[in-house]
Amino acid sequence: MFAERIAALINRHWMWLLIGWVVLAVGLKLVAPTWDSIAKDGDLEYLPANVPSLRGERLLQESFPNEKAHSQVSLVLSRDGEQLTADDRRFGLLLAEAIRNDEELPLVDVWDETTQVVGDMLLAKEGKASMVVARLTSGLMDVGNVRLLRQMEQLIAEHEDKRPEGLVVDLTGSAMIGGDMRASIAESLASTEMTTVLLVLGCLIVIYRAPVLVLIPLATIGVSLSVATDTVALLAQNFGADAFDWSQFKIFTTTKIFVVVILFGAGTDFCLFLIARYKEELASGVPRSEAAGRALANVSDALFGSAMTTILGLATMVFAQYGKFVSSGPIVAVCLFIALIASVTFAPALLRALGPLVFWPYGRKLLERERTDSGEQAEARVWGWVADMVMRRPATILALSVWLAAPLVYFGANVGVTHDLMADLAPDRVSVVGAEAIGRYYDEGTIAPMKVVAKLSDDVVAGKGEGAEPLDLRTADGRFAIAPLHSMLHDLGQVADVRSLYLPTGGDPRNRSFLGGAAFRDLAAAGSPITADTFVSHTAPNEGRVTQLSLILSDNPFSKTARDKIPAMQAALAEFAKQKTVNDAPNPWYGATFELVGTTPGMRDLELITNSDNVRIQVLTVAAVYMVLLVILRRPMTCAFLIVSVLVSYWVTLGATSLFFEWCYGDTFRGLDWKVPIFLFVILIAVGQDYNIYLVTRVYEEQRTHGLREGLRRAIVQTGGIITSCGVIMAGTFIAMATGTLRGMIELGFALALGVLLDTFFVRTVVVPCYFALLARNERAKPTPAEAIETTTPMSRRHHAKAGVS
């Protein structure tokens, strides 16, 4: 019944369907905001609210509400390892003054060598480098950081004529890293969109050699992409986090990359399935006025089943803890659903409307291959040979496949990943080059200092006796109460330096000099009201009870080495809070609360949360895809085998991808980007079932008429070409992601393309048919009609009976 209705809808009302889609696309374009105008970015901002780093951030903001700086720009002046000259250092002061006078910059303040308290710390050892630090109100991934990066480059260029010869000025800092990241994302998106269109267009021209026929998939994808992105942007504007406090719905710039490649890949596949069946219907003599509707009716099961595996697989990401997963998965699922609706309405309506023009300029000649005996076609001979090989030795082929896949499966199941934010950027990016300069002349952690936010226990008082007042950290007693905490942190192996109210200029507290100019500066800095305001809270309810200490790590704060040391630091602070005495004196920090804040603790939390999400999403994706397969095929064992086949394909792909990029990157390879395994799993497990469903439903259809063995052979021959074409196009859309500059996107694009090709040319072509060949190997004779009917799915039986499929 459904097949008849959908065929009638296409054949009778095709004009209204086309008009409706065009009106919808134009209408949404007029009222919806652009995706980029409301897209969010960043990573750490979307962690669950209860993670330690965000808990510490809330305590920090509550205690220091006047702290407006959220990122910084660092200018590093150096002379290739030589000592800076007086002219070099004066040029640094000139740049600092130019930054202060730039009214367009979101400045909090600017630090240079003359700045009180921090000035001496900006000069490297032996005077080989100097820094100018501009603290900004913008965040790490603020939208304006790309423009800010260009402004800073322009400012340096404008003073080029005053730069002493041989002096190198590098640019880095969290704001510059964020600017480079956003610029790379924009470049990757533009490159992916253009490359995807060109690859799909080229593949379709090679496959069809008929320009009008090529335009049908492109027009369908273009309309669905426009409607999908505008719909999602409109929803985000009116029902997103900016519109309602309760809403967590956000769209991201990087998500659009996935939307583009998946819609182009899956949308093209849907159209190819439809067009292939449309040509079969015409070749069998069905009138053009009925062929489009009949073709859709006969492939609707495969189309809806293929789409739903991907849609539900992506939708399971809503159960993640990480905010970007929660929004991105369902967003791509919604866009794919819109593409599916376009593929089953707009595409067949366009086929019906164009009529004979579809095959221009070849006309009937393009259908000759469909009308001739399949055994005489070169393509059919190739797939016939594959089918015969599979059916002769299915057990041997499966055993050999397992033997070949086993090493890569083991390696893929144990592959390492990295959460290093800077590792995602190309090594020639401005901020990366600047970060390397900081690493040469300063402690590596200088680029992103970490903070310890310490809150005294309510029981801690100053002095003894019943009249003792609560300890106020702003007083002299409070300053010296910070000393043991400062010393304990300085003694930690992963910490290069500590700055606090006790010793704001840093250095080893146990080797302090109390005589001379340096000692006088330390004392003056510690007693400065500015220093007290910086390090101790002056805001109720934490007034005088909360202090912050700045930690410079000995390792790159973005590295796994630094992240792996966070648990030890947290354990040391927890143990310190349990000690009643320190050096035979009462410990003022007994029972205190300590929180770690900054990039490194945030990346540590991101690592823990996404690793947990990875396991959760994998289980849910497999369950969702299995249920879709079970509804469509009604064969539990077959569905389980299909799931196992793509799981093996996933691990093989992941292992091969890791080995490939380890070879490409050499010593700089720290593991695959953390986003690669989870997105590869969801997309490959879900999309990989598209071809499974298309093949298996055709196997059951052919076996109904021709028996188990002959039906399997005919199904392999009939679907081999179309599955190969779809797989090549899908791989092409994914490899387009590798044309950008972000390492994570390059790795993911390569992995997805490799996985799809592996599915196309091996899993779907050999492994799955071997399974059916094993089931059919004991067949003695062609089954009776009743037995034949049992080999079809309920959906396919209904379609064969109602739609007249031959």
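Author: Start with Glu126, which lies in the loop between strand E2 (107-111) and strand E3 (129-136). Helices (H or I, at least four residues) and strands (E, at least two) are DSSP runs, numbered from the N terminus. The model is predicted: local features need pLDDT of at least 70, side-chain atom pairs count only at pLDDT 80 or more, and totals for chains, interfaces and linings use all residues. Residues are numbered from 1 along each chain as its sequence is written, and side-chain values use heavy atoms, with hydrogens and water left out.

Reader: Which bond joins Ala540 and Pro541?

Author: A cis peptide bond, with omega about 5°. Pro541 sits in the loop between helix H17 (529-535) and strand E10 (546-553).

Reader: Why are H7 and H8 called oblique?

Author: The axes of H7 (residues 211-239) and H8 (residues 253-283) cross at roughly 140° and come within 9 Å. Axes are lines fitted to C-alpha atoms, for helices over the stretch in contact, and angles run from 0 to 180 degrees between N-to-C directions. Under 35 degrees counts as roughly parallel, over 145 as roughly antiparallel, 65 to 115 as roughly perpendicular and the rest as oblique. H7 and H8 are therefore oblique to each other. Their crossing is right-handed (the near helix is turned clockwise from the far one by less than a right angle).

Reader: Which residues of H7 meet H8?

Author: Among them are Leu213, Ile216, Pro217 and Leu218 in H7. H8 brings residues including Val259, Val260, Leu263 and Phe264. Contact means heavy atoms within 4.5 Å. The contact divides into 13 nonpolar, five polar and no charged residues. Here Ala, Val, Leu, Ile, Met, Phe, Trp, Tyr, Cys and Pro count as nonpolar, Asp, Glu, Lys and Arg as charged, and the others, Gly among them, as polar.

Reader: How do you know that H6 is roughly antiparallel to H23?

Author: The angle says it. The axes of H6 and H23 (residues 708-735) cross at roughly 160°. That makes H6 roughly antiparallel to H23. These axes come within 8 Å, and the crossing is right-handed. Thr196, Leu199 and Val200 are among the H6 residues in the contact, and Ser725, Val728 and Ile729 among those of H23. It holds eight nonpolar, four polar and no charged residues.

Reader: What makes H9 and H22 roughly antiparallel?

Author: Their axes come within 8 Å and cross at roughly 165°. H9 and H22 are therefore roughly antiparallel to each other. This crossing is right-handed. The contact includes Ala302 and Gly305 in H9, with Asp690 and Tyr694 in H22. The classes are nine nonpolar, seven polar and one charged.

Reader: How many cavities does a search of the whole structure find?

Author: Five of 30 Å³ or more. On a 1 Å grid over the protein atoms alone, a cavity is a set of points where a 1.4 Å probe fits but cannot get out, and lining residues have an atom within 4 Å of a point. The largest cavity has a volume of about 350 Å³. Of its 30 lining residues, Asp43, Thr254, Lys324, Trp674 and Lys675 are the closest to its centre.

Reader: Which helices each supply at least two residues of that lining?

Author: H6 (174-208), H8, H10 (323-354), H22 (675-706) and H24 (743-776). By class, the lining has 16 nonpolar, six polar and eight charged residues.

Technical notes: On a 1 Å grid over the protein atoms alone, a cavity is a set of points where a 1.4 Å probe fits but cannot get out, and a pocket is an open set with protein on both sides within 12 Å along at least five of seven lines; lining residues have an atom within 4 Å of a point. Grid points are joined across faces, edges and corners, and a volume is the space filled by probe spheres set on the points.
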